[in-house]
Amino acid sequence: MASIASRPLLGEVEQLVLLAVLRLGDGAYAVPIRALIRSEAGVELSRGTIYVTLERLERKGYVSSWFSNPQAVRGGKARRLFRLKPPGIAALRASKRAVDRLAEGTAVAVHEERRKA
Amino acid sequence: MMRWLARAVIRLAPRGWREAVARDLEEEATGGRRSDGWLAWQALCVTVRWRWTFGGEALVSDLRYAARALLCAHWFALGAAATFALGIGVNVAVFSATDRMTFRPLPYADPGRLFIVQEANPDTGETYGRLPALWAVLARGRVAGIEDLGSVGYFTAVGYALAPEPDAPVVIKLVSATHNVLQILGVTPVRGRGFTEDDARQHRPLALLSYEQWQQDFGGRDDVLEARVYRNGQPVDVVGVLPQGFMPPAAGAAQSYGLSLDDNLMQTATVRDGSYPLLVRLTPAATPQSVQAAFAPIVGEYERRLPPPPPGRNIFHPTARLTPLGDFMFGPFRNYVWVVAIAGGLVLLVACVNLAGLMLVRGRSREHETAVRVALGASTARILRAAVFEALIVAALGAGVGIGVIAASNRALRVLLPTLFVSYTEPLTDPRVVGFALLAVTASAALSGALPGVRLARVDVLPALQAVAGRLRAGRLRGGAALLAAEAAIGVILVTGAALTSRSLIGLMRTDVGFNPVDLQPVTILFPWDAHQPEATRLHQYRRALEVLRGLPGVEAAAAADVLPIEGARGNPFGGGYRGGYQQGQRWQVTDQFFRVMGMRVLAGRTFTTSEVQPAADVAVLSQRGAALVWPGIRPRDVVGRVLTFPGETPLEVIGVVSDVRSSYAAAPDPSLYVPVRTDGFKRLMYVARVQPGGAVPVSRLRDRLRQQVAEPTLVAAGDELARLRAGLRDQRFRAVLFSTFGMVGLALAAVGLYAVASFEVGVRRQELGVRLSLGARPRDLARQVLRESLKPVLLGVATGLLVSLWAARFLQVFLYQVDARDPGTYLIVAATLVATAAVAAWRPARRAAHTDPAVVLRAQ
């Protein structure tokens, strides 16, 4: 029997954003995160959702952020970049495992039902 | 690249994100060649989403901060909440009592097309309570622009119910109405049916009960349609129940009145007949002006049919005037409502100003704390918000207490409120009343928290941080003087109102009503109505009842009249009905001893002897004003012996002149003509009994004796004249109590505000005062200086308040009785009271200034 997690599992959007941050490595900020989720997961998230989710993940301690060097012009602005922290990786892993275990055996059933129909 | 709009929007985003979001959006805009509008829109979407998700946390934390701050200063919070309890409580009460009369549309279909036609005198602009009935008859179907017309009588048409139990008569009030009134109003009864033309043609005595009467007097019984009520002794069948919230479309009628069918209002059509004002529904295309013009030929036809006026008599050529139904029903009360509402608003305003002043003072002593918050990154908006939240908590607390008190003391308030208000008062749970309460709380919080919040947010961080925590920094309290002046000005207005209304009430209570109301009881005795009974038999029956009343133990004397002039009801026209006469005087038919029983004074001549009353002789007694109306400028004793002639009547010899009688302390006495009771057209008698001191008419014994000696009566009841007169002062008493309470609160708040500000100023200037004392300044001079400086804004406020009161006097004048609203003496006393109160409030801080110990102050530095 699986151990009961003390924290609730990640939400769907949180999973997507965390995975995107993981894949983007050092270049993870809002614009490429949104683009990656759209191209790879086929999900269109609003900009606001991305920022709010990133803030929430940071408050939970799953990601950390820092500011890049500003643009080399007058009044140039900095990017806010994100990186996964160990608790974030652990949370991703727990979520994935929970989904896998729940889905065990159902894939065949779904497949067979479709064939019957 | 990033245009100003997007930049402005981005500023609303949280600090940690502003730059990054701007950079991201710019990057996308450049890549995708997006417009500036797109940029601004995206910035807005992101910011709104952010605030929506995380804004609540800051809000809750600000609210908790405000609550903690108030807990630390609980006395301050409780005091401020008490003033708001009064301010908001009063306004909610006023709103709930007046909403229906003032702000809501009338509960009829398309009420904008409903008007009342009245007879108007174009020379004076006056309108009259009655209108020639001929107008109504002639206007039917002949005036363009009128869809339908009917008439509604006054609520003096009183019904007496013998239901639900035959032995316990319940008085219900009915307003007489023509059969088509409900159709004109577009109202359908909830039970039974309305009146029909057929009912009217057959003169069926029918009534429609109001929903309130059905619920309260008949217990909401299903068999209410089988109930029977009696109107002036005549049985009346109940045919239906009006919907809840229905208002009888009559001036000053309470919501709980039902309707009784009376098509006579529109069918009698001789030149002398009077009718009640016409209720008309205009066609959608018609305007009041066009209909008014269309009435001209009818008025002309009426004038042609009139008999020629007596020689030397001025007559006017009347016109028809259309008044919107709402104005007709509540017009006279709306002014009153506005005065009460404005006074209530002023109390709330003074509470707000006072809280603002107190918070301003408190804010200065919390400068250090605020500076720390600003240094840690609190934005201007959050400092401001915390201040408004403090005010909001105080206001909400106050509102809760205030509304709770109103709800608990509902019965007491109903006794105090003017009668008409009580009938139209909404319950406190009504959504509009709740909405108003919330609005009042929010508005007053914003009003009182804004100025202190802005001042707090503008704190000079560095010096405030350098100063020792908890110690006041030097520097004047900016905005304090203005608040004090405002408080004093509002205080003056409220106290002036209190002084004027109280003087008016006292004056009224001393008014001579022209008769002696002590131990005087009006007695109602009704016998079953029989239309076929000869008038002489009926008169004989009522005269025998008078003898029974006179023979009762405890009754010293008794008399009767067709209508009692003391009950506010009107008798017959003074001049026998010739044109214009009914608007000027009243004729009363009385029995012997009437003047003695009433305690009226005989000014000249004598009153009726028993032989003159039975049978009625051609003699008359005039009241003082009646004599002045007929023979202006002639002394009462010279009037005696003259002969009064009315067209078509036997001449009357005037045998005496008596004092004028008022039906209430505030009512102007009607010019009156008293004649002996006549058999012609006799309907009934109303009795008045003089009882032994402190005694009362034994009603049950009277009923028994009437049953044995005369006939089975329909109704026997006795009232207390003195109590009725005093109840008539209810409106005046209400206004006096209201303004006195408001005035006291205004005065107390002004004093509290001044005390707080003056104490603060002295505290801030302790060092300066110490130095000046050590340099040889006299303590007395210092005290005087503090007093002078504190009183300066108060004097300014008092002057402003006096000017505003003088301007507003014209609105208050209507409600005052024999008191000039611009009486200089009153204003002088009010100003002196305000200044004296302010001086007392500033006295303690001034004394403290004088008793500053230089050694202590200087050592503390």
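Is Thr501(B) buried or exposed? I found it buried, with a relative accessible area of 3%; buried means under 20%, exposed over 50% and partly exposed in between, using a 1.4 Å probe and protein chains only.

Before going on, I noted the ground rules: this is a predicted model, in which local features need pLDDT of at least 70, side-chain atom pairs count only at pLDDT 80 or more, and totals for chains, interfaces and linings use all residues. Residues are numbered from 1 along each chain as its sequence is written, chains are lettered from A and ligands numbered from 1 in the order in which they are written, and side-chain values use heavy atoms, with hydrogens and water left out.

**Entry 1: Thr501(B) and its surroundings.** I placed Thr501(B) in helix α19 of chain B; helices are DSSP runs of H or I with at least four residues, strands are E runs of at least two, and both are numbered from the N terminus. Its side chain reaches the backbone oxygen of Gly497(B) at 2.7 Å. Setting aside neighbours within four places in sequence, I listed Arg735(B), Ala736(B), Phe739(B) and Leu816(B) as the contacts of Thr501(B), where contact means heavy atoms within 4.5 Å.

**Entry 2: α19(B) against α27(B).** Next I checked how α19 (residues 480-509) and α27 (residues 730-764) of chain B pack: their axes come within 7 Å and cross at roughly 150°. Axes are lines fitted to C-alpha atoms, for helices over the stretch in contact, and angles run from 0 to 180 degrees between N-to-C directions. That angle makes α19(B) roughly antiparallel to α27(B), a label for angles over 145 degrees. By class, I read 15 nonpolar, 9 polar and 3 charged residues in this contact.

**Entry 3: across to chain A.** What does chain A contain? I counted 5 helices and 2 strands, following the pattern α-α-α-β-β-α-α along the sequence. Of its 117 residues, 35% count as buried.

I then looked at α3 (residues 47-60) of chain A and α2 (residues 15-32) of chain B, whose axes come within 13 Å and cross at roughly 145°. Which residues meet there? From α3(A) I noted Arg47(A), Tyr51(A), Leu54(A) and Glu55(A), and from α2(B) Trp17(B), Val21(B), Asp24(B), Leu25(B) and Glu28(B). This contact divides into 5 nonpolar, no polar and 4 charged residues. For the classes, Ala, Val, Leu, Ile, Met, Phe, Trp, Tyr, Cys and Pro count as nonpolar, Asp, Glu, Lys and Arg as charged, and the others, Gly among them, as polar.

Technical notes:
Angles under 35 degrees count as roughly parallel, over 145 as roughly antiparallel, 65 to 115 as roughly perpendicular and the rest as oblique. A polar contact is a pair of N or O atoms within 3.5 Å; within protein, one must be able to donate a hydrogen and the other to accept it, and residues adjacent in sequence count only if both atoms are side-chain atoms.
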